[in-house]
Structure formats: C-alpha cells, structure tokens
Amino acid sequence: MSSPIHHLTVIRYFRDGRHWESTDILSPSWPDVVTAIERMDDFCYPIVQLNCTADEEDETIFNVIGGDGSYALFHQMGEWEYTDPNGSDEEVRLWQSDQGYFCKRRNVLTDLDEVLRLTRIFYETGSYESLA
C-alpha cells in the first residue's frame with residue numbers, strides 16, 4: 001500500500017545557537033516516520049511534520065511536536081488535535097528550544113505507542129477523518 005504522504009519534514013535545532021534547519025524525506029517509508037518520532041527530544045528534534053503535498057503552506061500538514069515522553073499531535077490549521085477528555089487546562093510547554101510550543105495538558109500524549117498509532121493512521125490515509 002502506498003502512502004499519500006509527499007514528504008516528511010524534521011526540524012532540528014542546535015544547542016550551540018546555530019540557526020535551525022529542516023530535512024525533508026520525499027515519499028517516506030513508515031520506518032522513516034518511526035525513526036523521526038523516536039528521535040524527538042523536545043529540544044534538538046522537537047518537530048516532525050507529514051505533508052501530503054509539495055506545498056510547505058499546505059493546510060493538511062500533520063504535526064508531531066515535543067519529544068522526551070510528551071507529544072502534541074495536531075492539524076496545521078487547527079481543525080483537529082489530539083485531546084484527552086480527562087486532561088486538564090493546565091498550560092504545558094513542549095519544545096524547549098526557540099519559541100517553544102505551548103498547549104493544554106489535555107492535548108499531550110505521553111504514550112509513544114499511541115503517538116505512533118495515530119500518526120500511522122494519518123500516514124496511511126492522509127486524512128483527519130479517521131482520527132476523530
């Protein structure tokens with residue numbers, strides 16, 4: 001089965017203050033995605049994106065933010081985001097470098113297997129409908 005994902009983007013920050021860089025993997029395999037997510041550490045590798053088109057501004061981009069045991073998953077334009085209905089409104093910072101990323105505790109996943117399961121659904125479908 002082929003994936004609708006055009007490319008995987010991994011954002012990297014440097015602890016020595018150098019500017020961040022991004023790496024794109026065209027037509028990524030599922031193991032490419034798993035490797036990128038497992039490497040996330042909330043500082044040097046805090047962002048992984050799956051894009052169904054070549055357009056970097058595409059509205060369907062799937063984001064995985066964080067790392068080091070805490071992740072937020074969301075649709076670039078905010079129409080879908082992971083939400084734990086039992087979670088709180090406490091503000092949490094994921095992604096410690098640069099401007100960081102802030103969300104509510106209810107939008108944080110701490111189970112890597114669940115992060116990978118949800119990401120795989122998007123990887124295979126390119127759709128947020130299956131995530132609802």
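Reader: Which hand does the crossing of H1 and H2 have, left or right?

Author: The crossing of H1 and H2 is right-handed. That name applies if the near helix is turned clockwise from the far one. Bear in mind that this is a predicted model.

Reader: How close do the axes of H1 and H2 come, and at what angle do they cross?

Author: The axes of helix H1 (residues 30-39) and helix H2 (residues 112-125) come within 11 Å. They cross at roughly 140°.

Reader: Which residues make the contact of H1 with H2?

Author: From H1, the contact takes Trp30, Val33, Val34, Ile37 and Glu38. From H2 it takes Leu112, Val115, Leu116, Thr119, Arg120 and Tyr123. A contact needs heavy atoms within 4.5 Å.

Reader: What makes up that contact by class?

Author: Eight of the residues are nonpolar, one is polar and two are charged. Tyr counts as nonpolar, whereas Glu and Arg count as charged.

Reader: How do you know that the length of H2 agrees with its number of residues?

Author: H2 has 14 residues, and at 1.5 Å a residue they should span 20 Å. The end C-alpha atoms of H2 are 20 Å apart, so the two values agree. The expected span uses one less than the number of residues.

Reader: Why is Thr119 called buried?

Author: Buried means under 20% relative accessible area. Thr119 has 0%, so Thr119 is buried. This residue lies in helix H2.

Reader: Which residues is Thr119 in contact with, leaving aside its neighbours within four places in sequence?

Author: With that exclusion, Thr119 touches Trp30, Val33, Ile37, Leu50, Phe62, Val64 and Leu73. Thr119 is also one of the buried residues of H2, along with Val115, Leu116, Leu118, Phe122 and Tyr123. Among the elements that cover them are H1, S3, S4 and S5.

Reader: What makes Leu131 buried?

Author: Its relative accessibility is 9%, and the cut-off is under 20%, so Leu131 counts as buried. Leu131 sits in the segment after H2. Beyond its neighbours within four places in sequence, Leu131 contacts Phe62, Trp80, Leu118, Ile121 and Phe122.

Reader: How far apart are Leu131 and Leu118, in sequence and in space?

Author: They are 13 residues apart in sequence. In space they are 6.9 Å apart, C-alpha to C-alpha.

Reader: What is the order of the strands in the open sheet?

Author: Its five strands run in the order S2-S1-S3-S4-S5, with antiparallel pairing. On average, neighbouring strands are turned by 15° against each other, direction ignored.

Reader: What makes a strand of this sheet an edge strand, and which strands are they?

Author: An edge strand pairs on one side only, and that holds for S2 (21-26) and S5.

Reader: How do you know that S4 pairs with S3 and with S5?

Author: Pairing takes at least two bridges. Strand S3 (residues 47-51) and S4 have four, so they pair, and they run antiparallel. S4 and strand S5 (residues 70-75) have six, so they pair too, also antiparallel. Gln49 stands opposite Asn63 in S4. His75 in S5 is the bridge partner of Phe62.

Reader: Where does a positive phi occur in the hairpin of S4 and S5?

Author: Asp68 takes a phi near 55°. The hairpin has two residues between its strands.

Reader: Why is S4 called mostly covered?

Author: Six of the six residues of strand S4 (residues 62-67) are buried.

Reader: Which strands does H1 touch as it packs on the sheet?

Author: H1 touches S1 (7-12), S2, S3, S4 and S5. The direction of H1 makes about 20° with that of S1.

Key
Residues numbered from 1 in each chain as written. Predicted model: local features only at pLDDT ≥ 70, side-chain atom pairs only at ≥ 80, totals over all residues. Heavy atoms only, no water. Axes fitted to C-alpha atoms, helices over the stretch in contact; angles between N-to-C directions. Buried < 20%, exposed > 50% of the residue type's maximum accessible area, 1.4 Å probe, protein only.
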